[in-house]
Amino acid sequence: MNLDHLRYFVKLAEVRHYTRAAEQLGISQPSLSHAINQIEAELGVPLFEKSGRNTTLTRFGEEFLECAENSLSVLDAGIETLQRYGRGEGVIRLGFLRTLGVDYIPKLTSDFLLADSEDNVQFSFHSGLTSELLEDLLQRKYDFVFCSEPDPAMGLNAVAVESQELVVIVPREHPLAWKDSISLAETLSYPAVCFSEGSGLRKVVDRMYDSIGGRPVSVVETEEDEVIAGLVASGFGTAVVPYMDMLEKLDVKVLKITDPPYSRNFYMVQNDSAFLTTAAQRFRSFVLGRTFAGK
């Protein structure tokens, strides 16, 4: 069914007069009549009937008017949304690790909105594990995700944008708790709480231990930083975790890692095969400019 004809039908139903409706639509009356006849022929029922000099809707026309108005309303809303994206407005969809949702992502997006105040841009925020975030990025659910480095085989574009300090935490009564800094080799003889395989940090910690030729015995595994910290505070073992302010409030001792050298980076990851809106492109440029400027 011709979209213009639907709009003609709705206008005629509103005005209820062929000549006036045609004038408001900017078409000839015969063109309007032809459009209505085509719709009626396609539907197989009359939509209008004469009422003196005016035109009124039949019961079929009343029912079809509701359908037509709803359809046009949805379509017009979709057109407006896409046009807003084209004008550089709209929603930028972000996925990120929970630890980044405390400070980094709020600060980053707030600073972008301040710098990009001319356009109506909003963000949607979703947190999760690296593996989940990357899978959703491939499914085009996000414009960008901020997480651990993805496997190169996934074919995603990843740029390091933030670094993070890793520390060893031990229970307050642990034999290592008297120290302020530590080599990972000193933890090998003690049971450990470890990140599960689905966590991006698991690979980083495993590489650190492999570089010193051993790994501690894992007594429990989980994917959440906060849960690991809680388990260590309850005496389950030692752990290597990102430094978080919350550690200072738990019954654990935080130890700096002196050896081996390591780098723990977060990455802004995007799917190059997915379309980026103008707003998302501006955000990407902002993040990269901020990163390379060392801010």
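**Pockets, cavities and helix packing in a predicted model**

The largest pocket holds about 490 Å³ of space. Of the 20 residues in its lining, Thr99, Leu100, Val102, Asp103 and Tyr104 are the closest to its centre. The structure is a predicted model, in which local features need pLDDT of at least 70, side-chain atom pairs count only at pLDDT 80 or more, and totals for chains, interfaces and linings use all residues. Residues are numbered from 1 along each chain as its sequence is written, and side-chain values use heavy atoms, with hydrogens and water left out.

On a 1 Å grid over the protein atoms alone, a pocket is an open set of points with protein on both sides within 12 Å along at least five of seven lines, while a cavity is a set where a 1.4 Å probe fits but cannot get out; lining residues have an atom within 4 Å of a point. Points are joined across faces, edges and corners, and a volume is the space filled by probe spheres set on them.

Helix 5 (104–115), strand 6 (157–163) and helix 9 (278–292) each give at least two residues to the lining of the largest pocket. Helices (H or I, at least four residues) and strands (E, at least two) are DSSP runs, numbered from the N terminus. The lining of the largest pocket divides into nine nonpolar, four polar and seven charged residues. Here Ala, Val, Leu, Ile, Met, Phe, Trp, Tyr, Cys and Pro count as nonpolar, Asp, Glu, Lys and Arg as charged, and the others, Gly among them, as polar.

The second largest pocket holds about 360 Å³. Its lining has 20 residues, and the closest to its centre are Ser148, Glu149, Pro150, Gly200 and Lys203. Helix 6, helix 7 and strand 13 are the elements that give two or more residues to this lining. Helix 7 has the largest share, with four residues. By class, the lining of the second largest pocket has six nonpolar, eight polar and six charged residues.

Across the whole structure, two cavities of 30 Å³ or more are found. The largest cavity contains about 150 Å³ of space. It is lined by 16 residues, of which Leu97, Leu129, Ser199, Glu223 and Asp225 are the closest to its centre. Helix 7 (200–210) and helix 8 (225–233) each supply at least two of the lining residues. The lining of the largest cavity has four nonpolar, six polar and six charged residues.

The second largest cavity contains about 40 Å³. Its lining consists of Leu137, Arg140, Tyr142, Asp143, Gln270, Asn271, Ala274, Phe275 and Leu276. Five of these residues are nonpolar, two are polar and two are charged.

Helix 7 contributes to the lining of the largest cavity and to that of the second largest pocket. Eight of its eleven residues are buried, so helix 7 is largely enclosed by the rest of the structure. Buried means under 20% relative accessible area, exposed over 50%, and partly exposed in between (1.4 Å probe, protein chains only). The buried residues are Gly200, Leu201, Arg202, Val204, Val205, Asp206, Met208 and Tyr209. Their cover includes helix 6 (130–138), strand 7 (166–171), strand 9 (192–195), strand 10 (218–222), strand 11 (239–242) and strand 12 (252–259). Contact means heavy atoms within 4.5 Å.

The axes of helix 1 and helix 3 (residues 29–43) lie 9 Å apart, at an angle of about 105°. Axes are lines fitted to C-alpha atoms, for helices over the stretch in contact, and angles run from 0 to 180 degrees between N-to-C directions. Helix 1 and helix 3 are therefore roughly perpendicular to each other, a class that covers 65 to 115 degrees; under 35 counts as roughly parallel, over 145 as roughly antiparallel, and the rest as oblique. His5, Leu6, Tyr8, Phe9 and Leu12 of helix 1 meet Leu32, Ala35, Ile36, Gln38 and Ile39 of helix 3. This contact comprises eight nonpolar residues, two polar and no charged.

Some backbone features remain. Most residues other than glycine have a negative phi, and most peptide bonds are trans. Arginine 16 has a positive phi, near 60°. It lies in the loop between helix 1 (3–15) and helix 2 (18–25). Arginine 140 also has a positive phi, near 65°. It sits in the loop between helix 6 and strand 5 (144–147). Aspartate 259 and proline 260 are joined by a cis peptide bond, with omega about 5°. Proline 260 lies in the loop between strand 12 and strand 13 (265–270).
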